[in-house]
Each structure stands twice: as C-alpha cells, then as structure tokens.
Amino acid sequence: MKIHTQLCGILAAGCVLGVALTPRAAAVTDDEFNALKNMVQQLGEKVQKLEGVHEQDQKTHEQDQQQIQRLKEQTGEAQKTATDAQQKAEAAAQAQPPRPMPGEGNATHNFTMVGDAEVQFGKTDGQHSGFVLADFAPIFLFRAGDKILFEAGFDISLQNNAPGTFNGTGGGPTTTFDMSFAQLDYLFNDYMTFVAGDMLLPLGTYTERGAGWINKIPDDPLPRDVLPSSGIGAQLRGAIPVSQTGQSVSYAAYLANGPGSLDGTGNHDQLDLSSNVGFDSDGNSIGNLHGAPGGGGRIGWFYPWKPHYDLELGVSGMASQWDTSGSLLWSAVVGDAALHISPYFELKGEYIYSWEQTADAGTPTPWGWWIQAGYKLSGLNLDLPIINNLELVGRYDVTHDGFGTKLDRWTVGYVYYFSNTLLFQGDYEFLHSNDPTQAHNRLVFQVAYGF
C-alpha cells in the first residue's frame, strides 16, 4: 500500500510540474530543458525501482503464505497421528484382562525376603562380659495372586548353653533354629482376611508389632513369658473404618491348639506354651495334646486426630485346655495401649493376666505389666547431626510367677540411627527380685539391621 502511494505521488508531481510549465514552453532554454529531462529520467528510474521492490514484496508474501499452508498441513498430520495413537492405546488397555491370570507374572516379583539380624555384647553382674548373641531372623513372603499370600518367619541364633540345641549337649556354643510362624493369608475383601497355619497370636500387640529389630530395647518385656507367641490354627481378622475421621475398629477371632502338657499330667511345671502340635514327648503322633482346640481374639480402637498424633486401645484374650485329659484350663487376658504425640514421642504398654489350673498346685495366676517410652532428640530442632540421630528410651516391666516370686526391672538406654534400618542400641537394666538368684543388673549393647 505504501509503494502505491509513493507512485501516485510521483506521477501527480510530474503532472503538476508539466501543467505549470506549459504556458512558458516557448521561453524554455536548452539548459532548463535538459535539467527538466534529467529530472524526469530520475523520476522514471525511481518508479522502476519501486516497482521492483513491490514485486519482491509480493513474492515474499506468496512464499510466506505457502509456508503457513505447509505448517498447517504438518500440524494436521501430527494431530491425526496423536489421535490414532491414543485410540490404539485405549483399545489395547480394554483388551487386557483386569487382573493377572493365574500362573502369569514374573516369580521374582511375587517373592520377597525381609527380616533382621542382631549381634549383642553384654555384661551381667558376677559374670564375664562378651558377645552373648548372634541372631538371624529371615521372613519369607510369597504373593500367589491378588488375594493369596504366604509368609513364614524363622529365628536362627548362636549362643552359649542355649536350650533346645541341635547337639543336645547343653554346653559350648550352640545354634538354635526355630520357626516363629508360617501362615497362609486369604483376603476376602478390604475388611476381612482369613489366616491359617502357625499363626502369630493377637494377644496384645507386641508379638506382631514390636519383636526383633523393631523393638527399641534389645530384650522382650518380662510378662510376655507367660503368653504363647504363636499357635497352630485358623483366624479371621480385619479392620472396619469409623466415619470419615480415620478412626477404625480392628478385630481378630481364632481357634488354635493352645498350650499343652509336656507329659500329659497337668502338673504346674509341665505347661508348654509353644509346641502343641504333631507329637507328644514319647514320639506318638497325636496331633493335639488335649481334646479340643482353644479360642481367642482381640478387638481394638484406633483414633488419629492429626498426622503423627494417635491413640490405640485394645483388649484380647484366650482360653484353652492344656492337659491330655482335657480337665484343666489355661486362660489369659491382655490390655494394650499405644500413644503417639508428634513424630518424636511414643508411649506404649500392656497389662497381662493369666490363669493356670493345675493337677498339683491349685490355680496359680502369673501376671505382669510393662510400659515403654521413647523420645527422638531431633524434636529439639538442634543443628547437631549426632544428637538428631539419637532416641532416648526407657521401660519398666514387672512379672509375678503365681508362686510368690516377683521380678521387676528398670531399663534406660538409647538408639542411634545410622539409617532407618541400621541401629546401634545401648541399655542398662536394674533388676530387683525377692529371689536373689534373679536379681542381676545387666549392660547390653546391640547392633541391629532390618532388611
């Protein structure tokens, strides 16, 4: 548009000039005529140059239009390709089965080994110090499908004068091998699971949630010795959410063989909490040492009010025959509680009471309780890496054996976290008892690794 305006302006100027000079044509000199001729020639040259520039601009405009058209075509092709790919992906996804078919999948994705290992160094009053325990506890997990799981745990220990040893001599360094549990889990739905096998019994929560390297103190609470940790049987368990606040009610109900009598007599010193399956002490294959399985269960309430702040309360119990004739009853009840306040502080404990009907000593009632607290020093917000990796722990536990002997213990110590799964623990235990043979203070250090 600008070029056309310039051309018109030049032509108009020439016309005006020509009109202005017409009346005086007779008086024009040769010099003036030549000057005018040169001016007209220069104007013509400028017109030609402007026409050339206009033609070049026109060609450039046409090229730009062609380039835009090619880009539009390429964009359309790319969009079509993307649409085709999306349609193919959706079709492929619809063609796949919603669940893995039986027998399919990589076996290495279904099998996992976890567990822990510990090494202890200790010094008991009146005894030599030394490395007192080396323990390896693998847990094998197998997932056969969306609903079928299998898990088994073992405990392999090396220590001096350990009972139940391979060589049976009872002296020197010996290795013990125990199967802690082996159970099959079938998930009915989100709220119920069926369990069968050698199960961890939900008597309290310690056995399922606190044993091994997870426990922040190297040994078990004293009252746990009056309870079985596992049993052969079947179980239904699960949890039901309550409202939309994160609360839930957990439950467990089971049948298990229960404790047994080593010689079948029912005398108080023959109670066996852990080995009632398969054979009696004479090698006879009888399955259960008494006539009927025992039963038990737990119900718990979990209440979180914000992240890292929660409370859990539970009550559990079990009752079972334990002598061969089935005339004597063993039973226990457990109350448990756990409190978390911030990511740094926790408090937990259990109260345990049991009854043991006997053929020779009436009905003794072993009982006890324990409470344990821990505080992570990272909650102090100090710029000290070593301090931030420390957790201070303490525990009080007491047990009564039902025959007049009492043992109580105070434990203070620490946990140093090299990582979330590599721990260095140290504890000092103050023991008091009315039986002088049991009152020995002890210092324990432990390196524990969970994998």
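This is a predicted model: local features need pLDDT of at least 70, side-chain atom pairs count only at pLDDT 80 or more; totals for chains, interfaces and linings use all residues.
The average pLDDT of the protein is 82, and 78% of the residues score at least 70. Two stretches call for caution when the model is read. Over residues 95-108 the pLDDT stays under 50, and the model has two contacts for this stretch beyond four places in sequence. The pLDDT also stays under 50 over residues 162-170, for which the model has twelve contacts beyond four places in sequence.

The largest nonpolar core has 16 residues, of which L203, L227, Y254, M318 and W330 touch the most other members. Strand 5, strand 7 (247-256) and strand 12 (329-341) are the elements that give two or more residues to this core, and strand 12 provides the largest share, three residues. Apart from this core lies another, of seven residues, which include I217, V393, L423 and A448. Returning to Y254, and leaving aside neighbours within four places in sequence, one finds this residue in contact with a set that includes M199, L201, P202, L203, A234, Q235, G317 and M318, together with G294, G295, G296 and G297.

T205 lies in the loop between strand 5 (192-200) and helix 4 (206-209). With a relative accessible area of 17%, T205 falls under the 20% limit and therefore counts as buried. Not counting residues up to four places away in sequence, T205 touches G210, R298, D336 and E350.

The structure holds 19 aromatic pairs. In one of them, Y186 and F188 have ring centres 5.2 Å apart and planes at 75 degrees, and because an angle over 60 degrees counts as edge-to-face, the pair is described that way. Both partners are partly exposed, Y186 at 31% relative accessibility and F188 at 42%. In another pair, the ring centres of Y396 and W410 are 4.5 Å apart and the planes stand at 45 degrees, so this pair is tilted. This pair links distant parts of the chain, since Y396 belongs to strand 15 (residues 390-400) and W410 to strand 16 (residues 406-417), 14 residues apart. Y396 is buried, with a relative accessible area of 14%, whereas W410, with 49%, is partly exposed.

Aromatic residues also occur in a cluster and beside charged side chains. F111, F140, F154 and F177 form one aromatic cluster. The charged end of K306 sits over the ring of Y309, at 4.4 Å from its centre, and K376 lies over the face of Y417, at 5.6 Å from the ring centre.

Methods: Residues are numbered from 1 along each chain as its sequence is written. Side-chain values use heavy atoms; hydrogens and water are left out. Rings of Phe, Tyr and Trp (its six-membered ring) pair if their centres lie within 6.5 Å; planes under 30 degrees apart count as stacked, over 60 as edge-to-face and the rest as tilted. Buried means under 20% relative accessible area, exposed over 50%, partly exposed in between (1.4 Å probe, protein chains only). Helices (H or I, at least four residues) and strands (E, at least two) are DSSP runs, numbered from the N terminus. A charge sits over a ring if NZ of Lys or CZ of Arg is within 6 Å of the ring centre and within 35 degrees of the ring normal. Contact means heavy atoms within 4.5 Å. pLDDT is the predictor's confidence in each residue, from 0 to 100. A nonpolar core is a set of buried Ala, Val, Leu, Ile, Met, Phe, Trp, Tyr and Cys residues joined through side-chain atoms within 4.5 Å.
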